[in-house]
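Hi,

Here is the structure I promised to send over. Have a look at it first, then read my notes below.

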2 protein chains.
Amino acid sequence: MVTIRPATRDDAEALWSLLEPVIREGETYAFDRDMSRDRLLQKWLHHRAFIAEDDDGGAVGTYFLKRNHGGGGGHVANCGYVTDPSARGQGVARLMAEHSFEEARRQGFKAMQYNCVVSTNTGALRLWHLLGFRIVGTIPKGFEHPTRGLVDAYVMYRWLGD
Amino acid sequence: MVTIRPATRDDAEALWSLLEPVIREGETYAFDRDMSRDRLLQKWLHHRAFIAEDDDGGAVGTYFLKRNHGGGGGHVANCGYVTDPSARGQGVARLMAEHSFEEARRQGFKAMQYNCVVSTNTGALRLWHLLGFRIVGTIPKGFEHPTRGLVDAYVMYRWLGD
């Protein structure tokens, strides 16, 4: 049973253990691969962030939620999710995504947008499609993959309902 | 004759006089309409910013230049441009755009992306098309226009060459 709760500064260790491998790998997130622990946690916790934990209190995932733009774009939310590799295939990402949609609605957002879904990240693409997202934009050579070179990135979008 | 130079804190007054009306109007920029002077200038000058001046040293436009994403997205630049209404039709926006492409290339960027071009902003759309951009994404109801309600927003993109 996985539960999700708001993350705080006290979760720094757990968040870093989830985020560091993903950032260092550089295949799915448009974050600098050499980003320091402090800088990354500052960025992640600057927004509303959540942590997913299993029955033993072990961190299995995290996500942040923020406005994608200000002003006239302020009704569109943006999230980023990271699942621990050891917990993959257990529906953690899906649980976090559904949690984030509810949370976004609660905060008054009308839509959710992901700005840079790397086209080689087939697992994420499958899940976002399953959850009602569609590709509304394709950025040609928008992402430099560490081993595959320049690949396309997608903008994905879903209306959350009124 | 319009010249473009880097903007500094000393240009705060001129920048604010250019930016305030656009932000307050809220029709073309995804910035909070009630944003304070300090906050806006902080945001604008946090990135590399430029100011366009006419022969008399009067400010006729400004733009910022930044990375659109970090990591694998770090080769794509992002800019925002504002032209003084009294100077419209004199090619100031085009001059700033071309300046920004050169500046972006100089900084090593490979492409330029605009994330939220409001679909009702026909002047901007015309110019971006003229300058080689194409619409690579359409965000349905991605922008809440103060008088027209929810309208689409475009993601526009242009490769800058290697």
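Angles under 35 degrees count as roughly parallel, over 145 as roughly antiparallel, 65 to 115 as roughly perpendicular, and the rest as oblique. Helices here are DSSP runs of H or I with at least four residues, and strands are runs of E with at least two, numbered from the N terminus.

Some housekeeping: this is a predicted model, where local features need pLDDT of at least 70, side-chain atom pairs count only at 80 or more, and totals for chains, interfaces and linings use all residues. Residues count from 1 along each chain as its sequence is written, while chains are lettered from A and ligands numbered from 1 in the order in which they are written.

Now the helices. In chain B, α1 (residues 12-25) packs on α2 (residues 37-46) at about 105°, with axes 10 Å apart (lines fitted to C-alpha atoms over the stretch in contact, with angles from 0 to 180 degrees between N-to-C directions). α1(B) and α2(B) are therefore roughly perpendicular.

Lastly, A:K141 has a positive phi, near 55°, without being a glycine. You'll find A:K141 in strand β6 (residues 134-145) of chain A.

Cheers
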